[in-house]
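Thanks for coming. Please have a look at the structure first.

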Amino acid sequence: MNKTWLITGTSSGFGKELAKIVAKQSDTNLIATARKIQDLDYLNEFDSSRIEKSIVDVTDFEGIQKVAKKAKKRFGTVDILVNNAGLGYFSTIEESDMKQVRYMFDVNVFGLANMTNAVLPMMRAQKSGIIVNLSSALGLVTVPTMGFYSATKFAVEGYADTLRQEVADLGIQVMNVEPSGARTDWSGRSSNKVVPQISDYQKFSDSVENVSDSVTAAPGDPKKIAQVIFDQVTKEEIIPEHLPLGDFAYNGGLGSLEKIVKEIKSRKNVSLSTDD
Ligand SMILES: NC(=O)c1ccc[n+]([C@@H]2O[C@H](COP(=O)([O-])OP(=O)(O)OC[C@H]3O[C@@H](n4cnc5c(N)ncnc54)[C@H](OP(=O)(O)O)[C@@H]3O)[C@@H](O)[C@H]2O)c1
């Protein structure tokens with residue numbers, strides 16, 4: 001039987017590349033979502049009998065409920081949910097605009113959680129399902145001027161680690177993908193940027209001002225990333241809990257985790273001294 005994928009944010013970047021891969025399979029159904037339906041015109045070249053295009057803004061709770069209902073009505077269920085829609089934000093912590101930060105949390109964290117809640121009843125009923133979250137290398141390791149973006153992705157990591165434990169015996173798997181910088185629209189139109197004005201933070205100006213350029217030159221190829229995600233979901237029986245992609249995610253992520261392990265171990269006596 002055909003597996004049904006639902007992917008958010010398929011207008012560009014990873015979401016679009018993954019949607020194209022899914023759309024060209026003969027044994028999959030696809031619910032491709034975007035904020036503007038015309039952004040999905042690229043799917044017209046594929047078999048429309050297996051593709052549903054839907055408008056979904058992940059900050060719109062009603063819209064999320066509607067697309068889940070539509071998926072059930074048209075294809076019977078959702079087997080694979082890809083929570084891909086997301087925004088970036090470049091600013092020092094102190095100079096961040098909290099309204100913009102809250103909106104980023106609405107998209108990157110609460111949108112993802114609401115979308116997941118909308119499909120979980122279908123997955124629980126059929127005792128199977130795969131939830132793929134586009135986290136980030138910055139959900140494993142942090143860098144200056146990306147603190148609140150990292151906070152959204154660390155939130156996704158903590159959320160997913162818990163969800164995984166709650167749904168494991170229901171046949172539902174949860175994979176967090178942690179890509180390094182890749183050549184998508186993310187650091188351009190999908191990110192607000194605040195160039196540091198406080199003189200103490202001037203040393204970080206370049207990393208905000210040159211960000212679009214630096215990601216245009218980023219090593220990550222969105223096509224390869226989409227293909228790896230598709231292969232992990234379709235070819236592995238047990239999919240990984242974490243999928244760091246690219247050198248920064250692999251080596252930077254491991255370096256950050258090893259540093260935490262080393263520091264925690266170095267104060268073992270203090271840590272274990274507080275229980276009665
Ligand atoms: N590129 C990287 O370097 C990188 C690295 C690690 C992780 N990521 C993550 O990968 C995911 C995909 O990003 P990308 O790199 O492919 O960037 P992208 O090309 O900018 O794609 C972002 C997608 O998210 C959608 N989106 C934004 N706000 C939305 C909302 N409120 N509701 C629904 N959709 C919304 C955008 O839709 P519109 O076209 O309507 O704006 C677009 O389809 C994000 O979660 C991002 O944080 C990216």
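Which side chain has an N or O atom 3.5 Å from a nitrogen atom of the ligand? That is the side chain of Tyr103. A polar contact here is a pair of N or O atoms within 3.5 Å; within protein, one must be able to donate a hydrogen and the other to accept it, and residues adjacent in sequence count only if both atoms are side-chain atoms.

Some ground rules. This is a predicted model, in which local features need pLDDT of at least 70 and side-chain atom pairs pLDDT 80 or more, while totals for chains, interfaces and linings use all residues. Residues are numbered from 1 along each chain as its sequence is written, and side-chain values use heavy atoms, with hydrogens and water left out.

In the side chain of Asp57, an N or O atom lies 2.9 Å from a ligand nitrogen. For Thr184, the side chain places an N or O atom 2.6 Å from a ligand oxygen. Of the 890 Å² of accessible area that the ligand has on its own, the protein covers 98% (Shrake-Rupley method, 1.4 Å probe; for residues, only the protein chains shown count as cover).

Now strand 4, residues 80-83 (strands are DSSP E runs of at least two residues, helices H or I runs of at least four, numbered from the N terminus). Ile80 and Val82 point one way, Leu81 and Asn83 the other, and all are buried, meaning under 20% relative accessible area, with exposed over 50% and partly exposed in between (1.4 Å probe, protein chains only). Val82 is the bridge partner of Ile7 and stands opposite Val132 in strand 6.

Note on methods:
Pairing = 2+ DSSP bridges.
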